[in-house]
Amino acid sequence: MPLDMIIGTQWGDEGKGHITDLLAAQADIIARFSGGDNAGHTITIAGEVFKLHLIPSGVIHPGVTCLIGSGVVVNPAVMLREMTELKQRGVDVSPQRLKISRKAHLITPAHIALDKAKEKELGAGAIGTTQRGIGPAYTDKVARSGLRAGLLDKPEELAEAIYAHINEKNRVLTELYGEEPLDATAVSADYANYAQQLAPHLVECSLMLDEALQNGRSVLAEGAQGTLLDIDHGTYPFVTSSAPTAGGALTGLGVGPKNVGRIIGVAKAFSSRVGSGPFTTELDGELAMRLRGTGANPWDEYGTTTGRPRRVGWLDLNILHHARRVNSLTEFVVTKLDILSGIAEIPVCVAYDLHGQRINYLPSSLEEVAQCQPIYETLPGWDEDIMQVRQLADLPANARRYVEFIVEQTAVPVSHISVGPGREQFIPVTNL
Ligand code: IMP
């Protein structure tokens, strides 16, 4: 059986958790491959809305094994908190079904303090990070001074390493940023405690997945963030510090490309982003409020991790072209089509005007992106509420046309359309 991937095509928050939930039912293993608790998935357990940041959202499917892959940065305190909350709701989070790669890296309170200090210093130029210590943890990894999860097996060694790590970071915190130092003794004691609880979950990630794939088991790689937040292929420096793209799934899990099956690009029917950085089709005023929602329900455009209102705008096909190229997408899942109901005319960005030239790509220079003007094609809207539609044939003609337009323009088929937050609010698509 192959390795299938669910990849965000925009700036994250495309509704990946929703489609993961649908496909998880058929998977044997669900694996996170990048990022950390900067991600957020809203799931519903027994009618109760619940937010997960680190543990794959597939955990609520009883038969599925969940894996935190080698490319992930793990905050053990968050991991244990999510495990406790899941356990209280009757979800099995035992080591038999919840695994952590020995090669994943640990986030510490020093990483979080550095993330906050750096953002504070950047002031108006801040990236708008989630302040979860993601960037500093990956910085240590790349600098070859990170703390791997494998150390959880050796609490004493870990405590010593944490003690030295906190003391080193305290110098940066106090001398460079003028912040308060952290208590190295207390933090190392905390980590020794986390180690005892998490050590039984450790696995050799690549080995585990290779055996599973060879034995005909199916693996679903659950992406976090999105293509435009990729450290190489996103709107650098306004990106996260990992690779949430298809390539990142392979390196983050230790699996080669021959195993790959479906590469599912999740595309919201309009655009959104949290944090700073360019956004060519951004809207403000009433239309933005209309797309964002009030925040009263979990489907509205407010960050799952930070609660920040998301910036919103029209769909940008240059971004979908970019995501297709970077990820070799086999299909799109179009989410939140229901939100566009009632808008009389819907502009879709089909190209950019850059200094009088029509371009169909996203320039790598942010200065150039800032100078790009969106070229819109306006599609007719529909009035009907489509949240109860379950078959393509029952969609209003203009809603169907909107999705057809995406397929025509990108030459990538659409396999599902989501029309609401509920598990059943999906329209399977076969002939578009
Ligand atoms: P960091 O990953 O916390 O370092 O944040 C870097 C950028 O990525 C910021 O603009 C964040 O808002 C954004 N970001 C990180 N994770 C997510 C996510 O899960 N959804 C949307 N944006 C995210």
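Mentor: A residue counts as buried under 20% relative accessible area, exposed over 50% and partly exposed in between, using a 1.4 Å probe and protein chains only. In this predicted model, local features need pLDDT of at least 70, and side-chain atom pairs count only at pLDDT 80 or more, while totals for chains, interfaces and linings use all residues. Residues are numbered from 1 along each chain as its sequence is written, and side-chain values use heavy atoms, leaving out hydrogens and water.

Trainee: Is Glu14 buried or exposed?

Mentor: Glu14 is buried, because its relative accessible area is 0%. Its salt-bridge partner is Lys16, with the closest N and O atoms 2.7 Å apart. Lys16 is buried too, at a relative accessible area of 5%. A salt bridge here pairs a side-chain nitrogen of Lys or Arg with a carboxyl oxygen of Asp or Glu within 4 Å.

Trainee: How many salt bridges does the structure hold?

Mentor: There are 17. Another pair to look at is Lys169 with Asp140, where the closest N and O atoms are 2.9 Å apart.

Trainee: How many disulfides does the structure hold?

Mentor: A disulfide needs two cysteine sulfur atoms within 2.5 Å, and this structure holds zero. Take Cys349: the closest cysteine sulfur, in Cys372, is 8.8 Å away, so the two are too far apart for a bond. Cys349 is buried, with a relative accessible area of 0%, and Cys372 is buried at 4%.

Trainee: Which atom of Asn38 comes 2.9 Å from the ligand?

Mentor: An N or O atom of the Asn38 side chain, facing a ligand oxygen. A polar side-chain atom of Arg308 is 3.1 Å from a ligand oxygen, and Gly128 uses a backbone N or O atom, at 3.3 Å from an oxygen of the ligand. Taken alone, the ligand exposes 470 Å², and the protein buries 96% of that (Shrake-Rupley method, 1.4 Å probe).

Note on methods. Polar contact = N/O pair within 3.5 Å; in protein donor to acceptor, adjacent residues only side chain to side chain.
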